[in-house]
Amino acid sequence: MTEVPPPDWAALYQKHREAMYRVAARTLRGAGREAEAGDVVMAAMESLMRKPPRNVKNWEAMMVKTTARRALDLMKSAEVKHSSGVELLDQDATLPGSLEVDIAEAVDRQRNAAAAWDKLSILDARHRQVVWEYVAKERPRDEVAAELGVSPARVSQMATKALKQLKEVLEKEGVTP
């Protein structure tokens, strides 16, 4: 079995540090301790470097999640509880629907959208317009139909066909739409 080399921590930090700082500052803001965001980010990086996770598909999500947990750990510390006067929730009560999950999903959507954008050229002009106007911009089907001179039902059919073509091309390239 081949050993996986460690990631390039400096490059990962440079690429994702802003997201990490935003999450730390947002989490700490409730206790008035957003100035400690830098310390939380460094603690998160040290934790990741000390015990690197395996099989990470989305490093930004992993780094943001680790940062959020470090910030929550700081928020739950006795010193913060007593000095801030803020009633803090359990970590489990804070995490469902949490920011790091939202960010991970948004990053995945952005990557998938970028891959799909690159493949729009496989569609003819009318199908590309339907995908852009009706699907991407979420314009009303009736408006798009009027612009194209077709029925609203036809817009739906064109969107379905175009999305199917894009999905097939993306799956061949290993992108999960």
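## Overall architecture

The protein chain has nine helices and zero strands. The model is a predicted one. Read from the N terminus, the elements run α-α-α-α-α-α-α-α-α.

Of the 177 residues in the protein chain, 34% are buried. Among the contacts with a separation of 6 or more, 58% are made by residues 24 or more positions apart.

## Nonpolar cores

The largest nonpolar core is made of 18 residues, and Trp9, Met20, Met45 and Met63 have the most contacts inside it. At least two residues of this core come from each of helix 1 (9-29), helix 2 (37-50) and helix 3 (59-76). Helix 1 supplies the largest share, seven residues.

Met20 illustrates the contacts made in this region. Residues up to four places away in sequence aside, Met20 touches Val41, Ala44, Met45, Met63, Val64 and Thr67. Another core lies apart from the largest one. This other core has seven residues, including Val130, Val144, Val155 and Met158.

## Packing of helix 2 against helix 3

The description of a helix pair rests on two values, the angle between the axes and the distance between the axes. For helix 2 and helix 3 the angle is about 120°, and the axes are 8 Å apart. The two helices are therefore oblique to each other, since an angle of 65 to 115 degrees would be needed for roughly perpendicular and one over 145 for roughly antiparallel. The crossing of helix 2 and helix 3 is right-handed.

On the helix 2 side, the residues that meet helix 3 are Val40, Val41, Ala43, Ala44, Met45, Ser47 and Leu48. Their counterparts in helix 3 are Met62, Met63, Thr66, Thr67, Arg70, Ala71 and Leu74.

## The aromatic pair

The structure holds one aromatic pair. A pair of aromatic rings is described by the distance of the centres and the angle of the planes. Trp9 and Trp59 form the pair, with 5.5 Å from centre to centre and 85° between the planes. The geometry is edge-to-face.

Trp9 belongs to helix 1 and Trp59 to helix 3, so the pair ties together parts that are 50 residues apart in sequence.

Glu60 is found in helix 3. Its relative accessibility is 15%, so Glu60 counts as buried. Leaving aside neighbours within four places in sequence, Glu60 is in contact with His16, Ala19 and Val107.

## A positive phi at Glu138

Most residues other than glycine have a negative phi. Glu138 is not a glycine, yet its phi is positive, at about 55°. Glu138 is found in the loop between helix 7 (125-136) and helix 8 (141-148). With a relative accessibility of 66%, Glu138 counts as exposed, whereas Glu60 counts as buried.

Conventions
Residues numbered from 1 in each chain as written. Predicted model: local features only at pLDDT ≥ 70, side-chain atom pairs only at ≥ 80, totals over all residues. Heavy atoms only, no water. Core = buried A, V, L, I, M, F, W, Y, C linked by side-chain atoms within 4.5 Å. Buried < 20%, exposed > 50% of the residue type's maximum accessible area, 1.4 Å probe, protein only. Helix = DSSP H or I, 4+ residues; strand = E, 2+ residues; numbered from the N terminus. Contact = heavy atoms within 4.5 Å. Phe/Tyr/Trp six-rings, centres within 6.5 Å; stacked < 30°, edge-to-face > 60°. Axes fitted to C-alpha atoms, helices over the stretch in contact; angles between N-to-C directions. Parallel < 35°, antiparallel > 145°, perpendicular 65-115°, else oblique. Left-handed = near helix turned anticlockwise from the far one by under 90°.
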